[in-house]
Amino acid sequence: MSKNLLPFFGEVYYYPSIFTPEESKKYFSLLREHVKWEHRAIQLFGKKVMQPRLTALYGNSVVPYKYSGLELQPLPMTKELLEIQERIASQVQSSFTHVLLNYYRDGNDSMGWHRDNEKSLGLDPAIASVSFGAARKFLLRRYENKQEKVEVLLEDGSLVLMKGSTQTYWEHSLPKSTRIAEGRINLTFRSLTA
Ligand SMILES: O=C(O)CCC(=O)C(=O)O
Ligand SMILES: [Fe+2]
């Protein structure tokens, strides 16, 4: 059992080495090759900007995922994605319908502060996030006062689970780390309803 990294108002658990280095290397290459990566523009404060990363959505239901003015239609789950989902199922009790993938090509790619609180995720969603490739810093901070901060290094082959009221009271980000030249692939398993 891992311990809750948040001091209050939510739950975040970190599990290093869910995958061996060999498995992680294999999945990184397979996913980089086989996933239908797209470079998308999103609406940010009314302006169209390119996301600083590549993304893709897969799922076992046709429910689309709406965020930041985008509506993504899921592609059908692949063998590799189902294998990865199966592995995390042994750590995580929740069930998932979709996986959103992010490919950070190097340390210049990033994700800004946000909460995963779209209606389709429901109240207090569980989100399971798997990392392959370069270790990157993951930050959480209180949404309301931006004060309390928690930092987790997301290593190759690791899993981080966010649940409970985390998406109400905390926001998270993946900051740039410009000295990192290697890529990182992240998969966030979610349960979405129409
Ligand atoms: O890349 C990460 O670890 C963060 C991904 C994330 O927050 C998201 O996809 O909503
Ligand atoms: Fe997120």
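Residues 95-193 have end C-alpha atoms that lie 12 Å apart. This span is 4% helix and 49% strand. UniProt, in an unreviewed entry, places the feature "domain: Fe2OG dioxygenase" at residues 95-193. The model is predicted. The secondary structure of the protein comes to three helices and 15 strands. The radius of gyration is 16 Å, close to the 16 Å that the globule rule gives for 194 residues, so the protein is as compact as a globular protein of that length.

**Overall build**

- The C-alpha atoms of the protein fill a box of roughly 40 × 40 × 40 Å, taken along the principal axes.
- Of the 194 residues in the protein, 32% are buried.
- Take the contacts with a separation of 6 or more: residues 24 or more positions apart account for 76% of them.

**Around ligand 1**

- The residues around ligand 1 include Leu 100, Asn 102, Met 111, Asp 116, Ser 129 and Phe 138.
- Also among them are Leu 154, His 172, Leu 174, Asn 186 and Thr 188.
- Three strands each supply at least two residues of this shell: β8 (98-104), β14 (170-174) and β15 (184-190).

**Strand β13 and its partners**

- Strand β13 covers residues 158-163 and is mostly covered, with five of its six residues buried.
- Strand β1 (residues 11-15) runs antiparallel to β13, and five bridges join them.
- Tyr 14 has Val 160 in β13 as its bridge partner.
- Strand β10 (residues 127-133) also runs antiparallel to β13, joined to it by five bridges.
- Leu 159 in β13 stands opposite Val 130.

**Thr 97**

- Thr 97 sits in the loop between α2 (79-89) and β8.
- Thr 97 counts as partly exposed because it has 17 C-beta neighbours inside 10 Å, while a buried residue needs 20 or more.
- Leaving out residues up to four places away in sequence, Thr 97 touches Gly 59, Asn 60, Ser 61, Val 63, Ser 191 and Leu 192.
- Phe 189 is 92 residues from Thr 97 along the chain, yet their C-alpha atoms are separated by 7.5 Å.

**Leu 75**

- Leu 75 belongs to strand β7 (residues 75-76).
- Leu 75 is partly exposed because 13 other C-beta atoms lie within 10 Å, and a residue counts as exposed at 12 or fewer.
- Beyond residues up to four places away in sequence, Leu 75 touches Lys 36, Leu 57 and Tyr 58.
- Val 35 and Leu 75 are 40 residues apart in sequence, and 9.7 Å apart in space from C-alpha to C-alpha.

- Phe 9 is found in the segment before β1.
- Phe 9 is not a glycine, yet it has a positive phi of about 60 degrees.
- With 15 C-beta neighbours inside 10 Å, Phe 9 counts as partly exposed.
- Ser 17 lies in the loop between β1 and α1 (21-34).
- Ser 17 is not a glycine either, and its phi is positive at about 55 degrees.
- Ser 17 counts as partly exposed, with 13 C-beta neighbours inside 10 Å.

Notes: Residues are numbered from 1 along each chain as its sequence is written. Chains are lettered from A and ligands numbered from 1 in the order in which they are written. This is a predicted model: local features need pLDDT of at least 70, side-chain atom pairs count only at pLDDT 80 or more; totals for chains, interfaces and linings use all residues. A residue is near a molecule or strand if its C-beta atom, placed from the backbone, lies within 6 Å of it. Two strands pair if DSSP finds at least two bridges between them. The radius of gyration is taken over C-alpha atoms; the globule rule is 2.2 Å times the number of residues to the power 0.38. Two residues are in contact if their C-beta atoms, placed from the backbone, lie within 7 Å. UniProt positions are given in the numbering used here, feature names are shortened, and annotations may be inferred rather than shown by experiment.
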